[in-house]
Amino acid sequence: MRIGNRDFDTEHHCYIMGILNVTPDSFSDGGKFRNLDQALFHVEKMIKEGADIIDIGGESTRPGYTEISAEEEIGRVVPVVENIKRRFDIPASLDTYKSAVAKAGISAGADMINDIWGLKYDTEMAKVIAEAGVPCCLMHNRSEAVYQSFITDIINDLRESVSLAKEAGIADEKIILDPGVGFAKSYEHNLKIIAKLEQLEIFGYPLLLGCSRKSVIGLTLDLPVSERVEGTLVTTVMGVLKGCSFVRVHDIKENVRAVKMAEAIKYCDSIP
């Protein structure tokens, strides 16, 4: 898969997507990187620690978040995207579910769109992505955490997102799927989808896992957001062993090391 100016071997390696929230209210680091200089300093740090992609978010999507206008979101993310692409040689993903924001972000240089609603929130999103020819990550989400058969329902929901993508003309080699840990799922649901990630391989698309510092870790370990690194690393290792091609994380250095160790074990049969 090609994202920006880089090729990603999604069949044999798990890549690190570094989180950059330029928001005042994100659950983990809200307000820390609203200033452009602070944001760029953090990007530089993430790159030095081994990030492969930077994912820029201009609106918090934590539980109970307040939706902002497309105009406000554009004002937050476009300067950041422009400066990242001007100063660094790294693919930039834009975390948005609004087509107007996606269009502005792509014009500013964003190499990929990460849509937490899997193209289902904004009917124009699939068209914008298809016309730009950029890759996209389609996350599982729904309005309520009500399921008849949990894994089967997730597969069917993701199948709907894939259909929207293909109908708009988005090529297969530009689609990534995300099981949506922490979105429209109970604590038990979140544990189960992590445990059953391999069942999503039926689609044949690369998988992205985003568990970093989330409530499923906090509830399991009874720890605040600031103390969830170890729990996140466990989910990253699970992702690697179950075939994920990307993990979206806050703590780059630690997750790079976890991926490297997990891959050494996973591919040990190739050692003579």
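Phenylalanine 246 has 0% relative accessibility, so this residue counts as buried (buried means under 20% relative accessible area, exposed over 50%, partly exposed in between, with a 1.4 Å probe and protein chains only). A quick note on the source: this is a predicted model, where local features need pLDDT of at least 70, side-chain atom pairs count only at pLDDT 80 or more, and totals for chains, interfaces and linings use all residues. Residues are numbered from 1 along each chain as its sequence is written, and side-chain values use heavy atoms, with hydrogens and water left out.

Back to the rings. The whole structure holds five aromatic pairs (rings of Phe, Tyr and Trp, the last by its six-membered ring, pair if their centres lie within 6.5 Å; planes under 30 degrees apart count as stacked, over 60 as edge-to-face and the rest as tilted).

| Pair | Centre to centre | Angle between planes | Type |
|---|---|---|---|
| Phe8 and Phe246 | 5.9 Å | 50 degrees | tilted |
| Tyr15 and Phe246 | 5.9 Å | 35 degrees | tilted |

Phenylalanine 8 sits in the loop between strand 2 (6–7) and strand 3 (15–21), while phenylalanine 246 belongs to strand 10 (residues 246–249), so their pair ties together parts that are 238 residues apart in sequence. Tyrosine 15, in strand 3, is 231 residues away from phenylalanine 246. (Helices, H or I with at least four residues, and strands, E with at least two, are DSSP runs numbered from the N terminus.) Phenylalanine 8 counts as buried at 5% relative accessibility, and so does tyrosine 15 at 11%. Ring pairs join Phe8, Tyr15 and Phe246 into a cluster.

Now for helix 3, residues 99–108. Its buried residues are Ser99, Val101, Ala102, Gly105, Ile106 and Ala108. An α-helix has 3.6 residues a turn, so residues three or four places apart point the same way. What do the buried residues of helix 3 pack against? They pack against helix 2 (70–87), strand 5 (92–95), strand 6 (112–115) and helix 4 (125–132), where contact means heavy atoms within 4.5 Å.
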